[in-house]
Amino acid sequence: MTNFVGAQHEFHDAAFVQGWADRFVPTAPRLALFDLILEHIGKPGLPNAHVLELGLGPGYMARHILERNAGIGYEGLDFSEVFFEVATKTIGASMPRVTLTKADLMDQNWPEKISRQPAAIISTWALHDLGSQQAVADVYARCYETLPMGGVLINGDFIKPNGTTWTYEPGRFEIDRHLELLRQAGFVEPMLLASYELNTETPTAAQNYACLMAVR
Ligand SMILES: C[S@@+](CC[C@H](N)C(=O)[O-])C[C@H]1O[C@@H](n2cnc3c(N)ncnc32)[C@H](O)[C@@H]1O
């Protein structure tokens with residue numbers, strides 16, 4: 001199909017996952033997104049030092065954060081054992097500070113699987129894979145219920161840029177709609193922190209992502 005932005009994944013297939021992880025190594029703009037998230041979860045005033053990542057994947061963000069903030073404990077949630085194996089290698093020496101939690105974000109009971117209440121829930125390039133606005137809205141609602149007062153949700157994910165004539169897969173949608181869904185979940189003042197690699201004319205599936213933040 002032409003003029004379509006989306007991607008098919010086989011998250012439980014070892015060969016696919018390793019090949020995908022090798023291709024998805026962090027570029028400069030992706031590292032800039034990690035640094036932005038690192039800055040916000042390192043701010044004083046968060047209720048505790050436990051960070052939960054939704055969709056640990058190959059562990060690139062986890063490694064970036066763990067190597068730069070010695071004070072936090074990290075929990076990586078994913079539904080793929082194969083990705084846990086890749087992430088364990090990526091994270092390497094920091095693994096003793098990491099809890100791996102197997103859960104499916106489509107199962108509304110996923111918060112019951114986490115090890116403790118996080119002060120920050122973070123995610124990059126994962127929630128669009130849930131395949132619909134409703135699925136993302138459900139995750140936002142579960143995050144609101146899970147966070148303590150003063151806790152923070154930061155989601156960096158692929159979006160559909162304004163003004164495009166291209167068709168995007170349903171999990172990639174406009175920033176304003178993300179902000180609306182965050183408000184519906186209960187967050188009072190969700191905000192756009194930054195957008196990256198915007199390309200409305202000739203987008204690839206690896207471009208057009210944004211970082212949204214909401215405080216409980
Ligand atoms: C692009 S990767 C995340 C990359 C990661 N943030 C990093 O920096 O390395 C997306 C991850 O989301 C996970 N995922 C997709 N759908 C999921 C679901 N329904 N429940 C849990 N994890 C899911 C996939 O298994 C994959 O590991």
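**Ligand site and selected residues of the predicted model**

A nitrogen atom of the ligand lies 2.9 Å from a polar backbone atom of Leu105. The structure described here is a predicted model. An oxygen atom of the ligand is placed 2.9 Å from a polar backbone atom of Tyr60, and a ligand nitrogen atom is found 2.6 Å from an N or O atom in the side chain of Thr124. Of the 600 Å² of accessible area that the ligand has on its own, the protein covers 98%.

The shell around the ligand comprises 23 residues, of which Glu53, Asp78, Asp104, Leu105 and Thr124 come nearest. Sorted by class, the shell contains 15 nonpolar residues, five polar residues and three charged residues. The space that the ligand takes is the largest pocket of the model.

Backbone geometry was examined next. Most residues other than glycine have a negative phi. Trp125, by contrast, has a positive phi, near 55 degrees, in a residue other than glycine. This residue is located in the loop between strand 5 (120-124) and helix 5 (133-146). Trp125 counts as buried because its relative accessibility is 9%, under the 20% limit for that class. Asn208 likewise is not a glycine and has a positive phi, of about 65 degrees. Its position is in the loop between strand 8 (191-196) and strand 9 (209-215). With a relative accessibility of 0%, Asn208 is therefore classed as buried.

A further loop position is that of Ile159, which falls between strand 6 (152-158) and strand 7 (167-168). The relative accessible area of Ile159 is 2%, so this residue is buried. Ile159 and Leu198 are 39 residues apart along the chain, and their C-alpha atoms are separated by 9.4 Å.

Several strand residues were also characterised. His50 is part of strand 2 (residues 50-54) and is buried, because its relative accessibility is 6%. The side chain of His50 forms a polar contact with that of Glu75, at a distance of 2.8 Å.

Two residues of strand 4 were considered, namely Thr101 and Thr99. Strand 4 spans residues 98-102. Thr101 has a relative accessible area of 6% and is therefore buried. Thr99 has a relative accessibility of 32% and so counts as partly exposed, since this class lies between the 20% limit for buried residues and the 50% limit for exposed ones. In sequence, Thr101 and Lys113 are twelve residues apart, and the distance between their C-alpha atoms is 7.0 Å. For Thr99 and Phe11, which are 88 residues apart along the chain, the C-alpha separation is 20 Å.

Key: Residues are numbered from 1 along each chain as its sequence is written. This is a predicted model: local features need pLDDT of at least 70, side-chain atom pairs count only at pLDDT 80 or more; totals for chains, interfaces and linings use all residues. Side-chain values use heavy atoms; hydrogens and water are left out. A residue is near a molecule or strand if one of its heavy atoms lies within 4 Å of it. A polar contact is a pair of N or O atoms within 3.5 Å; within protein, one must be able to donate a hydrogen and the other to accept it, and residues adjacent in sequence count only if both atoms are side-chain atoms. Accessible areas come from the Shrake-Rupley method with a 1.4 Å probe; for residues, only the protein chains shown count as cover. On a 1 Å grid over the protein atoms alone, a cavity is a set of points where a 1.4 Å probe fits but cannot get out, and a pocket is an open set with protein on both sides within 12 Å along at least five of seven lines; lining residues have an atom within 4 Å of a point. A molecule sits in a cavity or pocket if more than half of its atoms lie within 2 Å of its grid points. Ala, Val, Leu, Ile, Met, Phe, Trp, Tyr, Cys and Pro count as nonpolar, Asp, Glu, Lys and Arg as charged, and the others, Gly among them, as polar. Helices (H or I, at least four residues) and strands (E, at least two) are DSSP runs, numbered from the N terminus. Buried means under 20% relative accessible area, exposed over 50%, partly exposed in between (1.4 Å probe, protein chains only).
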